[in-house]
Amino acid sequence: MSSGQDLTLFSYEILALVGRGGAGAHDLLQMAKVGRFLAWAGESQYYVEPKRLAKLGYLDSRKEPGKTRERTVYALTEKGLDALREWVRTPVGFTPFKSEALIRVLATDLVGEEAVREGLEALHDDLEDMRVRMQKTADRAKTLPHREKYLNLGLEFVEGLLQLYEELMHKVERDFARDPETTGSP
């Protein structure tokens, strides 16, 4: 069994994304970028972390021909699978998250309602972009029958988050008056 002390939440993300079929670092980065909801680490980390996990024995690596040069493809080892099995049984707590929209709302008394409302208006387009990406992920899930059920459950979770953002935006649009006398910064 693994101690897991050398693994972070991002490590487990990488192990899960590598999955049964294996993946290259570029593939991992693309998976995170396409959906956007897992793209919270810097791009370089999707190249660094698999190498680290391979050195620790959680992943195997092999060289394969790429489009322009040789690429490294990672596969889950038994140690990596054991680490995932052990980790998923540990108690889960609420993971703190960053929300720029929430922080802006918290700053409203300092900067004014109109400014916050204006800044949040762009979120409409961003949420639409997320829904398009989620549809692409749902389409891709259909090609992975062994993971489809679980990917769709994750998509339902993300859809709930998008709905929370929409509710926040609607409340801001409704409650933050357009009257300059009440919306300017104090």
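What volume does the second largest pocket have? Please also describe its lining and the elements that supply it.

Guide: The model is a predicted one, and the second largest pocket in it has a volume of about 440 Å³. Its lining comprises 15 residues. Those that lie nearest the centre are His26, Tyr47, Glu70, Arg71 and Thr72. Sorted by class, the lining of this pocket holds 7 charged, 5 polar and 3 nonpolar residues. At least two lining residues come from each of helix H2 (25-35), H3 and E3.

Three strands make up an open sheet in the order E1-E3-E2, with antiparallel pairing. Strand E1 (23-24) and strand E2 (59-64) are its edge strands, each pairing on one side only. In general terms, the strands of a sheet pair through backbone hydrogen bonds, in either a parallel or an antiparallel manner.

On one side of E3, the antiparallel pairing with E1 runs over 2 bridges, and Gly24 stands opposite Val73 of E3. On the E2 side, the antiparallel pairing with E3 extends over 6 bridges. Arg71, one of the residues nearest the centre of the second largest pocket, is the bridge partner in E3 of Glu64. E2 and E3 also form a hairpin, with 6 residues between them.

The next element to consider is H1, which packs on this sheet and touches E1, E2 and E3. The direction of H1 makes about 95° with that of E3.

Helix H1 (residues 9-18) packs with helix H3 (residues 45-55) at an angle of about 85°, and their axes are 10 Å apart. The two helices are therefore roughly perpendicular to each other. From H1, the contact involves Phe10, Ser11, Glu13, Ile14 and Leu15; from H3, Gln45, Tyr46, Glu49, Pro50, Arg52 and Leu53 take part. By class, this contact of H1 with H3 has 6 nonpolar, 2 polar and 3 charged residues.

Helix H8 (residues 123-141) and helix H9 (residues 148-175) have axes that come within 10 Å and cross at roughly 170°, which makes H8 roughly antiparallel to H9. Residues of H8 in the contact include Leu123, Leu127, Met130 and Met134, and those of H9 include Leu151, Leu155, Val158 and Leu162. The contact of H8 with H9 divides into 12 nonpolar, 4 polar and 5 charged residues.

How values were computed. Residues are numbered from 1 along each chain as its sequence is written. This is a predicted model: local features need pLDDT of at least 70, side-chain atom pairs count only at pLDDT 80 or more; totals for chains, interfaces and linings use all residues. Side-chain values use heavy atoms; hydrogens and water are left out. Axes are lines fitted to C-alpha atoms, for helices over the stretch in contact, and angles run from 0 to 180 degrees between N-to-C directions. Helices (H or I, at least four residues) and strands (E, at least two) are DSSP runs, numbered from the N terminus. Angles under 35 degrees count as roughly parallel, over 145 as roughly antiparallel, 65 to 115 as roughly perpendicular and the rest as oblique. Contact means heavy atoms within 4.5 Å. Ala, Val, Leu, Ile, Met, Phe, Trp, Tyr, Cys and Pro count as nonpolar, Asp, Glu, Lys and Arg as charged, and the others, Gly among them, as polar. Two strands pair if DSSP finds at least two bridges between them. On a 1 Å grid over the protein atoms alone, a cavity is a set of points where a 1.4 Å probe fits but cannot get out, and a pocket is an open set with protein on both sides within 12 Å along at least five of seven lines; lining residues have an atom within 4 Å of a point. Grid points are joined across faces, edges and corners, and a volume is the space filled by probe spheres set on the points.
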